[in-house]
Amino acid sequence: MQTLTGRTCVFAGGSGGDGASAVKALCKAGMNVVLMTHQPTQAQGLIAEIEKLGFTGKCMVAQDGKAQTPPIPDEEVFRKIYEEQGSVDVIISNTGASGHEDSIDTVDVEQLMKNVQQLLGGSYSMLKCALPYLRKSVCPRVIFMTTVEGARGGNLESFANAVAKGAVLSLTKNCAARLAAEGITVNCIQKGAIERLPHKGSNNGAKEKDPAAMLPYIPAGRVGTPEDLAAAICFLASEETSYITGTVLDVSGGLSLV
């Protein structure tokens with residue numbers, strides 16, 4: 001059983017990619033989801049789809065503070081979410097593209113640190129802004145995302161992405177240890193090759209990694225679906241997981257075993 005009803009989730013990276021299915025699953029289970037995004041038009045499309053499905057949970061959008069005109073601090077965005085929804089119970093940081101073809105030879109320090117700022121910095125900033133409200137929640141949950149290579153190393157995915165995602169894993173472990181006494185769980189999902197909508201951002205001409213390229217290395221014999229990821233997210237977001245923290249939940253079809 002997964003109890004999600006009546007709580008509020010702030011979801012970054014949920015309006016597209018591999019996150020939209022998770023947003024639908026959370027709303028279907030009765031959780032209210034606020035999409036934290038810099039792509040409000042794409043988010044509104046997902047909201048309209050969820051409204052047509054008639055789920056118990058509602059979906060709405062809160063534009064990223066830096067993307068607003070004029071820009072506002074994300075602390076202010078979270079304050080408004082809390083005032084409008086009455087709680088912030090779950091935060092999910094699923095930001096970042098699937099990565100592009102690169103190597104140690106082609107990635108410079110600037111590009112590497114850009115990935116670290118986006119993936120590690122974005123996750124930490126989200127936690128930092130939400131923390132005052134998570135401390136008021138009866139079932140506070142934090143869910144970050146890493147990858148198989150971010151956690152274990154390897155050479156199948158984007159180098160810069162893997163390094164940054166490795167830092168997110170360290171963030172998970174350290175925050176989990178420091179927040180456990182307050183009843184705030186912090187866990188991480190270790191993704192393998194997951195199908196996703198094409199990334200719409202600029203890639204400076206770089207070729208995007210194809211998840212299917214990992215297929216020969218996946219013991220399960222298939223690429224993961226967004227629904228596979230959604231099931232893991234719903235589990236970690238549920239009220240029943242209060243004694244699970246600092247955990248890395250593997251969603252890779254066994255890729256991490258190879």
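This is a predicted model: local features need pLDDT of at least 70, side-chain atom pairs count only at pLDDT 80 or more; totals for chains, interfaces and linings use all residues.
On the side of H1, the contact is made by Ser 21, Ala 22, Ala 25 and Leu 26. On the side of H7, the residues are Pro 226, Glu 227, Ala 230, Ile 233, Cys 234 and Ala 237.

Helix H1 itself spans residues 20-28, and its buried residues are Ala 20, Ser 21, Ala 22, Val 23, Leu 26 and Cys 27. Which elements cover these buried residues of H1? The cover includes helix H7 (226-237) and helix H2 (40-53). It also includes four strands, namely S1 (8-12), S2 (32-37), S3 (59-63) and S4 (90-93). After H1 comes Gly 30, whose phi is positive, near 105 degrees.

The discussion now turns to helix H4. H4 packs against H6 at an angle of about 25 degrees, and the two axes are 7 Å apart. That angle makes H4 roughly parallel to H6, and the crossing of the two helices is right-handed. From H4, the contact draws on Leu 112, Asn 115, Val 116, Leu 119, Leu 120, Ser 123, Tyr 124, Leu 127 and Leu 131. From H6, it draws on Ala 160, Asn 161, Val 163, Ala 164, Lys 165, Ala 167, Val 168, Leu 171, Cys 175 and Leu 179. Of the residues in the contact of H4 with H6, 15 are nonpolar, three are polar and one is charged.

H4 also packs against H3. Here the angle is about 40 degrees and the axes are 9 Å apart. H3 and H4 are therefore oblique to each other, and their crossing is right-handed. In this contact, Asp 74, Glu 75, Phe 78, Arg 79 and Tyr 82 of H3 meet Ser 125, Met 126, Cys 129, Ala 130 and Tyr 133 of H4. The residues of the contact of H3 with H4 divide into six nonpolar, one polar and three charged.

How many aromatic pairs are counted in the model? The count comes to one. The pair is formed by Tyr 82 and Tyr 133, with 4.8 Å between the ring centres and 25 degrees between the planes, and it is stacked. Tyr 82 lies in helix H3 (residues 74-85) and Tyr 133 in helix H4 (residues 109-134), so the pair ties together parts that are 51 residues apart in sequence. Tyr 82, at 23% relative accessibility, counts as partly exposed, whereas Tyr 133, at 13%, counts as buried.

Ala 177 is found in helix H6 (residues 159-179). Is Ala 177 buried or exposed? At 60% relative accessibility, Ala 177 counts as exposed. The C-alpha atoms of Ala 177 and Thr 245 are separated by 8.1 Å, although these residues are 68 residues apart along the chain. Ala 180 is placed in the loop between H6 and strand S6 (185-191). With a relative accessible area of 38%, Ala 180 is partly exposed. From the C-alpha atom of Ala 180 to that of Ala 22, the separation is 25 Å, and the two residues are 158 residues apart along the chain.

Strand S6 contains Thr 185. Thr 185 counts as buried, at 3% relative accessibility. Which residues does Thr 185 contact, leaving aside its neighbours within four places in sequence? They are Pro 140, Arg 141, Val 142, Thr 241, Ser 242, Ile 244 and Thr 245. One of these partners, Thr 241, is 56 residues from Thr 185 in sequence and 8.2 Å from it in space, C-alpha to C-alpha. Thr 245, another of the partners of Thr 185, is also the residue whose C-alpha atom is separated by 8.1 Å from that of Ala 177.

Key
Residues are numbered from 1 along each chain as its sequence is written. Side-chain values use heavy atoms; hydrogens and water are left out. Rings of Phe, Tyr and Trp (its six-membered ring) pair if their centres lie within 6.5 Å; planes under 30 degrees apart count as stacked, over 60 as edge-to-face and the rest as tilted. Buried means under 20% relative accessible area, exposed over 50%, partly exposed in between (1.4 Å probe, protein chains only). Contact means heavy atoms within 4.5 Å. Axes are lines fitted to C-alpha atoms, for helices over the stretch in contact, and angles run from 0 to 180 degrees between N-to-C directions. Angles under 35 degrees count as roughly parallel, over 145 as roughly antiparallel, 65 to 115 as roughly perpendicular and the rest as oblique. A crossing is left-handed if the near helix is turned anticlockwise from the far one by less than a right angle, and right-handed if clockwise. Ala, Val, Leu, Ile, Met, Phe, Trp, Tyr, Cys and Pro count as nonpolar, Asp, Glu, Lys and Arg as charged, and the others, Gly among them, as polar.
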